[in-house]
Amino acid sequence: MMHKLIREPLVHFLGGALLVFAFFWASGSNRDPADYAIHIDETDIERLKTGWVQNFRRTPTQAELDALIDQEIAEEIYYREALRLGLDKNDPVIRRRLFTKMRFIESGETADSGADDTILKQWMDDHPEKYALPPLYDFEQIYLGQIDASEARQRIDQLKAGANPDSFAQPLSTPRTFARTETADIARQFGERFAEQLETLEPGDWNGPIVSGFGSHAVRISAKTPGQTATLADVRQRVANDWSATRQAEQRDKSLARLQAEYDITVAGRP
Amino acid sequence: MRKTLMLAACTAALALSACSEINNEDGGGAEIANTEYPEQVFWGDTHLHTDNSIDAFGFGNRLDAENALRFARGEEVTATKGAKAKLSRPLDFLVIADHSDAMGATKAIMEAPRIALLTNKFLLRWHDMMNESDEGSLQVTAELIDGAAKGTLPESLTDPEETRERTADLWEKHGEIVNRYNEPGKFTAFMGFEYTPMPQGDNLHRVVMFRDDPEEMGDTIPYGALGSQDPEKLWTYMDAYEKKTGGKVLAIPHNSNVSNGRMFAMNKFDGSPIDAAYIRTRALREPIVEVTQIKGDSESHPFLSPNDEFASFGVTGWDKCNLSCTRDMPPESYGGSYVREALKRGLELTLSVGANPFKFGMIGSTDSHTSLATADEDNFFGKHSANEANNKQRALEPQNLGTREGRFGWHYLSSGYAAVWATSNTREAIFDAMMRREVYATTGPRMQVRFFGGFDFSADDTADLVKAGYTKGVPMGGDLKGGGGQAPKFLISALMDPESASLDRIQVIKGWVDATGKSQEKIYNVSWSDADNRKPGGDGKLPAVPNTVDLAKGTWDNATGAPELVTFWQDPDFDAAQNAFYYVRVLEIPTPTWPVYDALKFNLTLPDDVIKIQQERAYSSPIWYTPAA
């Protein structure tokens with residue numbers, strides 16, 4: 001039992017803390033000597049030399065190097081004294097820099113490492129509307145021109161009664177008939193507004209008017225094939241992109257939320 | 001579990017390209033079939049900056065290439081300044097063209113741990129300023145642009161060896177993102193960059209775009225103007241790339257309007273007259289020019305084309321001083337700054353030197369620095385992130401961009417896009433269409449423009465214009481030779497963008513060299529709306545189309561224009577002995593500019609000098625006529 005305790009890191013830690021505490025208690029000060037040690041080692045000196053070379057295009061003399069080192073020591077002393085006096089508090093520059101650093105570290109931690117098919121399939125099933133293959137339309141349209149709605153309706157009534165579509169069709173170089181065409185391609189030809197109106201119509205006789213930027217159209221849908229469910233193979237790259245983009249955004253929010261949960265936040269005027 | 005681990009290892013290691021290949025195979029990339037002739041026009045932006053551009057990041061842009069690609073594909077993203085951003089319609093392709101000089105540098109300076117910069121006072125100061133505030137970040141950007149113009153950037157940003165490693169790493173990661181969003185048949189993502197020389201602040205910028213997949217590009221990294229400001233050196237880099245990899249690459253000059261006459265100068269960078277070797281290389285390397293974008297329109301200028309009542313579009317604010325506004329641009333310099341004049345110079349050089357360096361097609365693109373490729377007036381996200389859609393002062397504030405003199409927000413255009421007649425939506429087909437110049441420019445609206453030239457057309461061919469065009473003639477960007485002395489004939493159609501405005505007119509702009517060896521130009525109105533009532537006057541000018549813009553609502557009446565214009569036209573002033581070019585300009589009816597939408601949204605009063613109404617337009621690539629030898 002004792003043997004096991006001796007190997008336990010927690011015990012080491014507590015033991016160490018006890019020793020430090022005992023030292024301060026015995027010496028009557030709360031001064032940690034490590035806080036007052038400054039070591040300029042070889043790598044620090046190298047760094048100072050490199051900086052000098054970049055600015056002056058030659059190596060520093062010994063006197064210059066000594067001055068650099070003294071400057072470094074002075075900076076470090078004032079830096080630590082400033083921290084002891086709490087000068088880092090309420091300084092917007094320091095605050096902003098620490099914020100940037102922290103956010104950078106957090107975003108590094110949460111970088112994604114990729115997903116396997118199970119995860120992607122699950123993501124797909126959770127967002128069926130994003131990956132459903134679009135419905136396909138078989139339809140015919142004739143362009144009635146820039147005419148008002150009541151006039152257009154009259155012509156459509158005549159079409160329903162059997163009038164020849166050619167007698168109303170105004171010239172426009174968009175195709176007259178479409179076979180198994182998806183909404184996005186219809187919107188390419190006629191604009192979003194046309195495609196949206198088409199979605200509300202049922203297959204059957206002449207219908208409309210549907211209004212596009214060109215003017216009024218009469219439309220006859222012969223078949224509407226509902227959108228099929230895509231397989232992962234169809235859309236894998238898109239799913240992977242969406243999954244990882246969303247994950248990254250979510251994890252950013254999550255890591256803030258995780259930290260935020262530790263805080264008790266009140267805002268005047270906010271319930 | 002094992003698979004997850006393997007993927008994790010792939011991402012962690014730098015073997016990214018190998019991993020993305022695996023993904024592509026899983027994605028089931030079926031071969032995309034090419035159509036027999038270009039049936040569809042594909043819309044894109046060849047000139048978009050993300051947070052990897054030193055100035056874009058400095059201006060505050062925090063959206064990366066992935067966000068830029070998602071936005072272009074039609075996804076909603078959150079812009080840097082917090083507004084939700086979505087295109088009304090997706091684009092078909094995108095070239096992210098970040099500045100090659102110090103690519104990724106501002107991002108690296110800002111995000112670097114402070115300790116790593118302690119030895120470099122210059123960068124440390126910038127790091128601190130950038131982290132301090134948005135204003136500090138803007139100031140750093142101004143200093144960067146100024147430093148680049150004056151050649152006083154710190155060595156750690158300009159030294160090729162020092163930057164090579166950082167750029168190669170960044171370029172490889174960029175290629176991986178571009179590949180993930182490239183979906184042949186649906187959306188094409190190109191590799192590219194911007195080469196940004198500006199001697200004395202004169203703009204000689206080019207976008208460079210590659211036909212190849214990132215993994216085929218070997219250890220190629222973007223070429224910087226810090227390597228050389230002489231575009232011929234860029235062409236040498238392009239030659240070397242093609243020789244080494246077997247790939248293909250082209251360059252697209254832009255903003256000739258602020259080049260102080262140097263973009264289409266009659267001499268080389270060193271001042272010597274251009275010669276046959278220069279001409280051959282330029283014609284091969286620069287098949288297209290970006291004629292319209294955020295920083296103005298470069299088609300022509302009223303000084304050069306006094307008889308063209310539409311030549312002033314996008315000129316205001318851009319014709320007085322060069323890009324950095326360090327030098328005034330006298331009107332005498334305009335000849336080397338505008339595209340129509342360059343096309344004319346090309347004809348003159350064809351006669352004097354025997355070849356044409358300015359035989360290019362035309363596209364538009366955005367040059368947006370927000371990662372958001374917007375060109376619609378009512379959905380404009382500005383030149384850079386400090387001027388996004390939720391900045392209500394942006395139309396009226398001076399926009400110094402690191403320069404000493406003010407241009408105002410409203411001088412910037414919500415323009416433009418590149419239209420490409422290609423046989424499929426793939427890297428290969430779109431790039432090849434650009435090489436053969438079967439492309440056109442628009443200032444934003446997606447009107448469909450067809451333009452064919454030939455000697456065997458008749459007026460009846462308008463009934464099946466596309467078929468006749470391809471079987472009996474050449475499309476835009478093509479060449480007509482000989483013809484047995486008869487005047488060339490043209491089939492032209494323009495279909496309005498159903499989500500924009502109807503059409504005022506189609507014009508043919510002809511340039512030729514007269515018997516004295518001097519180039520000339522003439523504009524023909526060839527088809528227009530309400531032809532029963534609008535009759536050309538004695539000077540050939542048409543009465544203007546009515547202006548129906550309601551500034552209080554931001555609306556207009558499409559009934560005053562034509563949904564579509566289709567025509568057959570034959571040159572009435574043809575001389576078979578004279579070299580000539582013909583291109584088409586399509587004008588929409590008048591519509592409001594983006595500041596009008598800002599004024600409505602933010603309840604602003606726009607001063608009188610702000611341009612509030614414009615006629616958006618398309619410029620086709622030319623068709624050239626050369627006399628039989």
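This is a predicted model: local features need pLDDT of at least 70, side-chain atom pairs count only at pLDDT 80 or more; totals for chains, interfaces and linings use all residues.
Let's start with the overall layout.

**Helix H8 of chain A**

Helix H8 of chain A covers residues 149-160. Which residues of H8(A) are buried? They are A:Ala152, A:Arg155, A:Ile156 and A:Leu159. Viewed down the axis of H8(A), the buried residues fall within an arc of 100°, so they line one face of the helix. As background, an α-helix has 3.6 residues a turn, so residues three or four places apart point the same way. The face turned away from the buried side of H8(A) holds the exposed residues A:Ser150, A:Gln154 and A:Asp157.

The buried residues of H8(A) pack against three strands of chain A: strand E1 (136-145), strand E3 (207-211) and strand E4 (216-225). Strand E3 of chain A also contains A:Pro209, and the peptide bond from A:Gly208 to A:Pro209 is cis, with omega near 0°. Just after H8(A) comes A:Gly162, with a positive phi of about 110°.

**Helix H12 of chain B**

In chain B, helix H12 (residues 276-285) has the buried residues B:Tyr278, B:Ile279, B:Arg282 and B:Arg285. These cover an arc of only 145° around the axis, which puts them on the same side of H12(B). Exposed residues B:Ala276 and B:Ala277 sit on the face of H12(B) turned away from its buried side. The cover over the buried residues of H12(B) includes helix H11 (231-245), strand E8 (249-253) and helix H13 (339-352) of chain B.

**Sheets of chain B**

One open sheet of chain B has three strands in the order E10-E9-E11, with mixed pairing. Strand E10 (296-297) and strand E11 (361-364) of chain B are at the edges with a single partner strand each, so one side of each is left without a neighbour in the sheet. Strand E9 (residues 288-293) of chain B runs parallel to E11(B), joined by four bridges, and B:Ile288 is opposite B:Gly361 in E11(B).

Another open sheet of chain B has four strands in the order E15-E14-E17-E20, and its pairing is antiparallel. Its edge strands, strand E15 (474-475) and strand E20 (564-570) of chain B, each pair on one side only. Helix H15 (residues 465-472) of chain B packs on this sheet, touching E14, E15, strand E17 (489-495) and E20 of chain B, and its direction makes about 40° with that of E14(B).

Is strand E21 (residues 580-588) of chain B mostly covered or mostly exposed? It is mostly covered, with nine of its nine residues buried. B:Ala580, B:Tyr582, B:Val584, B:Val586 and B:Glu588 point one way from E21(B), while B:Phe581, B:Tyr583, B:Arg585 and B:Leu587 point the other way.

| Partner of E21(B) | Bridges | Opposite residues |
|---|---|---|
| E18 (residues 503-513) | nine bridges | B:Leu503 and B:Glu588 |
| E25 (residues 623-626) | three bridges | B:Phe581 and B:Trp624 |
| E24 (residues 617-620) | three bridges | B:Leu587 and B:Arg617 |

**Backbone features of chain B**

Most residues other than glycine have a negative phi, and most peptide bonds are trans. B:Gln200, which is not a glycine, has a positive phi of about 50°. B:Gln200 lies in the loop between strand E6 (192-195) and strand E7 (206-210) of chain B, and is partly exposed, with 14 other C-beta atoms within 10 Å. B:Cys325, also not a glycine, has a positive phi of about 60°. B:Cys325 is in the loop between E10 and H13 of chain B, and counts as partly exposed with 19 C-beta neighbours inside 10 Å. Finally, the peptide bond joining B:Ser415 and B:Gly416 is cis, with omega about 0°, and B:Gly416 belongs to the loop between E11 and strand E12 (417-422) of chain B.

Key: Residues are numbered from 1 along each chain as its sequence is written. Chains are lettered from A and ligands numbered from 1 in the order in which they are written. Two strands pair if DSSP finds at least two bridges between them. Helices (H or I, at least four residues) and strands (E, at least two) are DSSP runs, numbered from the N terminus. A residue is buried if 20 or more other C-beta atoms lie within 10 Å of its own, exposed if 12 or fewer, and partly exposed in between; C-beta atoms are placed from the backbone. The expected span of a helix is 1.5 Å times one less than its number of residues. The arc is that of the directions from the helix axis to the C-beta atoms. Two residues are in contact if their C-beta atoms, placed from the backbone, lie within 7 Å. Axes are lines fitted to C-alpha atoms, for helices over the stretch in contact, and angles run from 0 to 180 degrees between N-to-C directions.
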